[in-house]
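Have a look at the model first.

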Amino acid sequence: MDVSLPDSPHFRNLVAIVFGLTAGAIVVGSVEAVGHEIYPALTELDFEDETQMEQVLFEAPASAFLWVIAAWALGICSGCLVAGVIGASQGTFCCVVLGGIFVFMAVTMLSEIPAPRWFVFFGLLTLVPGGIAGWWLSQKTLDRLRRAG
């Protein structure tokens, strides 16, 4: 079964970004779900009460936050891998757009919840190497596919 995309580079880029975003969201959700199993949220927690949220988040162990940071890094990496492969000749562009979307989502989330400063710093910092790693893996994958084809 031969599956191919139309010749339009704009359509291919759009498909690459949407699939990359989907793959990244699945990975982020999966890794964070594992973290939530290890560090379950308090059942009585009122997410609308900023004082209570701040108290809980600042008392949470650092390892609970590391799950979120790992989720973001692995999510952007896998998303850029998928977007870069599907985007093919314009894979770098797709990875940059996808990286921008991930950074925007992270900044938006971080502006909505009180979080320790170290988490904000390292959370945003890991998005860059995660995205670069995904782009690099996509280029290696495309090279292998070109040699095999």
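From the N terminus on, the elements run α-α-α-α-α-α, which comes to 6 helices and 0 strands. Helices (H or I, at least four residues) and strands (E, at least two) are DSSP runs, numbered from the N terminus. This is a predicted model, where local features need pLDDT of at least 70, side-chain atom pairs count only at pLDDT 80 or more, and totals for chains, interfaces and linings use all residues. Residues are numbered from 1 along each chain as its sequence is written, and side-chain values use heavy atoms, with hydrogens and water left out.

Here are some values for the whole chain.

| Property | Value |
|---|---|
| C-alpha box along the principal axes | roughly 55 × 30 × 25 Å |
| Buried share (under 20% relative accessible area, 1.4 Å probe, protein chains only) | 32% of the 149 residues |
| Share joining residues at least 24 apart, among contacts (heavy atoms within 4.5 Å) between residues at least 6 apart in sequence | 79% |

Now for the charges. The chain has 6 positive (Lys and Arg) and 13 negative (Asp and Glu) side chains; His and the chain ends are not counted. The centres of the two sets lie 27 Å apart, with each charge placed at NZ of Lys, CZ of Arg, CG of Asp or CD of Glu.

Methods
Buried < 20%, exposed > 50% of the residue type's maximum accessible area, 1.4 Å probe, protein only.
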